[in-house]
Amino acid sequence: MATIIVQPSGTQIHVEPGDTLLAGLQKAGYAYTVGCRRGGCGICKVDVVDGEFSYNRPVADTVITDEERGDGTCLSCRAVAECDLVIEMRDASLRLVNPLLGTINAARCDRERSAGTPPEEQ
Ligand code: FES
């Protein structure tokens with residue numbers, strides 16, 4: 001599992017192994033501006049400021065250019081965290097839409113922090 005810190009708010013999200021960033025954010029009770037959810041439109045782009053990610057399926061060069069692949073641009077509906085990430089949203093649309101899931105997510109993040117072990121070892 002990985003922890004994602006979402007800037008500029010500093011919100012922490014617990015992401016299960018294999019979940020895309022979009023899936024992780026949704027399971028934590030958050031919503032933001034997305035489109036096709038299948039890697040075809042590019043609306044869900046976020047910037048990865050720190051950490052590594054990979055794509056769970058091929059992403060077309062028409063959606064992510066070579067330049068974007070090198071500058072941290074990330075299709076959140078297809079990207080899977082390889083470690084803890086810091087991402088930056090491109091707009092202010094991130095909002096908590098399910099407070100119960102948000103509370104569960106916060107408890108998981110607190111448990112990981114208090115355990116003092118890197119999330120990838122848990
Ligand atoms: S929502 Fe369309 S590419 Fe991610």
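**Figure 1. V48 counts as buried because 20 C-beta neighbours sit inside 10 Å.** The rule is simple: a residue is buried if 20 or more other C-beta atoms lie within 10 Å of its own, exposed if 12 or fewer, and partly exposed in between, with C-beta atoms placed from the backbone. Before you look further, note that this is a predicted model, in which local features need pLDDT of at least 70 and side-chain atom pairs count only at pLDDT 80 or more, while totals for chains, interfaces and linings use all residues. Residues are numbered from 1 along each chain as its sequence is written. V48 belongs to strand β4; helices (H or I, at least four residues) and strands (E, at least two) are DSSP runs, numbered from the N terminus. Leaving aside neighbours within four places in sequence, V48 is in contact with F53, G72, C74, L85 and I87. Contact here means that two C-beta atoms, placed from the backbone, lie within 7 Å. C77 is 29 residues from V48 in sequence, and their C-alpha atoms are 13 Å apart.

**Figure 2. The largest nonpolar core brings together 22 residues.** Such a core is a set of buried Ala, Val, Leu, Ile, Met, Phe, Trp, Tyr and Cys residues joined through C-beta atoms within 7 Å. I4, L21, L25, C74, A81, L85 and I87 have the most contacts inside this core. Two or more residues each come from β1 (2-7), β2 (11-15), α1 (21-27), β4 (45-50), β6 (73-75), β7 (79-81) and β8 (85-88). In soluble globular proteins, nonpolar side chains tend to be buried together.

**Figure 3. Which residues does I87 touch?** Not counting residues up to four places away in sequence, I87 touches I4, V6, Q7, L21, V46, D47, V48, V49 and C74. Look at both faces of its strand: in β8, L85 and I87 make up the covered face, while V86 and E88 make up the uncovered one.

**Figure 4. Five strands line up in an open sheet in the order β2-β1-β8-β4-β6.** The pairing in this sheet is mixed. At the edges stand β2 and β6, each with a single partner strand, so one side of each has no neighbour in the sheet. From one strand to the next, the twist averages 40 degrees. Two strands count as paired if DSSP finds at least two bridges between them. Strands of a sheet pair through backbone hydrogen bonds, either parallel or antiparallel.

**Figure 5. β8 pairs with β1 in the parallel sense and with β4 in the antiparallel sense.** Four bridges join β1 and β8, and three join β4 and β8.

**Figure 6. β1 and β2 form a hairpin with three residues between them.** These two strands pair in the antiparallel sense over five bridges, and I5 stands opposite Q12 of β2. In the turn, G10 has a positive phi of about 80 degrees. Also find P8, in the loop between β1 and β2: the peptide bond from Q7 to P8 is cis, with omega near 10 degrees.

**Figure 7. R37 has a positive phi, near 65 degrees, although this residue is not a glycine.** Most residues other than glycine have a negative phi, and most peptide bonds are trans. R37 sits in the loop between β3 (30-31) and β4. Is R37 buried, exposed or partly exposed? R37 counts as partly exposed because it has 16 C-beta neighbours inside 10 Å.

**Figure 8. Helix α3 (residues 99-115) lies across β1 and β2.** The helix runs at about 85 degrees to β2; axes are lines fitted to C-alpha atoms, for helices over the stretch in contact, and angles run from 0 to 180 degrees between N-to-C directions. P99 is part of α3 and counts as exposed because it has 9 C-beta neighbours inside 10 Å. Between the C-alpha atoms of P99 and L75, 24 residues apart along the chain, the distance is 25 Å.

**Figure 9. Stepping back, the protein chain has three helices and nine strands.** Along the sequence they follow the pattern β-β-α-β-β-β-α-β-β-β-β-α. Of its 122 residues, 25% count as buried. The C-alpha trace spans about 40 × 30 × 25 Å along its principal axes.
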